[in-house]
Amino acid sequence: MGTLRASPSPDQTSHQGKAIRNSVMFNNELMADVHFVVGQPGRTQRLPGHRLKMSYFYFNRYIYCDEIDLTADTVLATLYAAKKYIVPHLARACVNFLETSLSAKNACVLLSQSCLFEEPELTQRCWEVIDAQAELALRSEGFCDIDSQTLESILQRETLNAKEIVVFEAALNWAEAECQRQELTSSTDNKRKVLGKAMYLLRIPTMALDDFANGAAQSGVLTLNETNDIFLWYTAAKKPELKFASQPRKGLAPQRCHRFQSCAYRSNQWRYRGRCDSIQFAVDKRVFIAGFGLYGSSCGSAEYSAKIELKRQGVLLGQNLSKYFSDGSSNTFPVWFEYPVQIEPDTFYTASVVLDGNELSYFGQEGMTEVQCGKVTFQFQCSSDSTNGTGVQGGQIPELIFYA
């Protein structure tokens, strides 16, 4: 293949930026798809390499045919080539592809690569997913593939929506994978060694006591003095000084989209009997639905059983079965999904609930077809799944609880 030369314009990537990207990839596991074992027997070294053959095929197709054909397997290497040879339009197409395919499964890996490629918008999108769906992201296979610098940036994140025991377990999983990359035995000492200073980014004292006693305290990565001091932190009036942060992460503040302007009740309302209350909605930017706010009894306190679901074109994306108590007021009461559900813009989703409880309940009135919540616009329309009277103008599911 001949040498491709391009004259950079002032707003294109600088030569220094290319040099940095190339030097970062040298001897780096990030994006490595081939390895070389070099040296004498007994003194070998495993070096990562980067095979870019397929990326240059797609790159050349764009150069010669003006065709952009991207897949999940080739997009990152194609982005590398587009950045290296200063082809901004192809690079932008690669970034757009990555943004639309972004999910909790690949957000951590894409975060590390977006920093490598100097793509701040993609980096921000990755953080939005990681914050809102932190437990899914931390438990993904891709989390174990990130580099140590990205690990530290995630572990020190204030807005992670995750239990600290989940963060701790994810760090240990990463450490085990890192031991394998460094050809070390996966002992507790080596896990602690490869974690290095990242160990003290774990907020172990903020765990529930049961999580600490049954998990972190028995993991083997803490010293006896650390374990003892943390137990004292939970129980003693005079608390010891700890190297671990003791303030819980703030997480994300949930927002609420309320679609009714008023609510009411009648003596013969609201009959459930296993029927489904449902509504369709769409948003103009990516959000994460965490749960629904639901009405309760209009005749004093009562317990309800609620089966909530989220679907897209009939495909179930999230569901949960739980109970909640209402106090007789017209307030809404939150019911949560196990994990927040990622909602893409400009597509209608179906929110449904099957309620079982006191049939004399509140219901919404004066429903709105469009609601502005901060920077997000919600649109509502009736759902064919609704068999219990709920629609745009009135009924149940008064609130969508979300992160944005």
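Ala107, Cys108, Leu110, Leu111, Ser114 and Cys115 of α5 meet Leu122, Thr123, Cys126, Trp127, Val129 and Ile130 of α6; contact means heavy atoms within 4.5 Å. The model is predicted: local features need pLDDT of at least 70, side-chain atom pairs count only at pLDDT 80 or more, and totals for chains, interfaces and linings use all residues. Residues are numbered from 1 along each chain as its sequence is written, and side-chain values use heavy atoms, with hydrogens and water left out.

**Exercise 1.** Describe the contact of α5 with α6.

*Solution.* 
- Step 1: the residues of this contact divide into 10 nonpolar, 2 polar and no charged. Ala, Val, Leu, Ile, Met, Phe, Trp, Tyr, Cys and Pro count as nonpolar, Asp, Glu, Lys and Arg as charged, and the others, Gly among them, as polar.
- Step 2: the axes of α5 (residues 107-116) and α6 (residues 120-132) come within 9 Å and cross at roughly 155°. Axes are lines fitted to C-alpha atoms, for helices over the stretch in contact, and angles run from 0 to 180 degrees between N-to-C directions. Helices are DSSP runs (H or I, at least four residues), as are strands (E, at least two), numbered from the N terminus.
- Step 3: α5 and α6 are therefore roughly antiparallel (over 145 degrees).

**Exercise 2.** Classify the ring pairs Phe212 with Tyr234 and Phe292 with Phe337.

*Solution.* 
- Step 1: the structure holds 12 aromatic pairs. Rings of Phe, Tyr and Trp (its six-membered ring) pair if their centres lie within 6.5 Å; planes under 30 degrees apart count as stacked, over 60 as edge-to-face and the rest as tilted.
- Step 2: Phe212 and Tyr234 are tilted, at 5.6 Å centre to centre and 35° between the planes. Phe212 lies in α11 (residues 209-214) and Tyr234 in α12 (residues 224-235), so the pair ties together parts 22 residues apart in sequence.
- Step 3: Phe212 is buried at 0% relative accessible area, while Tyr234 is partly exposed at 21%. Buried means under 20%, exposed over 50%, partly exposed in between (1.4 Å probe, protein chains only).
- Step 4: Phe292 and Phe337 are edge-to-face, with 5.4 Å between centres and 85° between planes. Phe292 lies in β6 (residues 287-294) and Phe337 in β9 (residues 333-343), so this pair ties together parts 45 residues apart in sequence. Both Phe292 and Phe337 are buried.

Methods: Angles under 35 degrees count as roughly parallel, over 145 as roughly antiparallel, 65 to 115 as roughly perpendicular and the rest as oblique.
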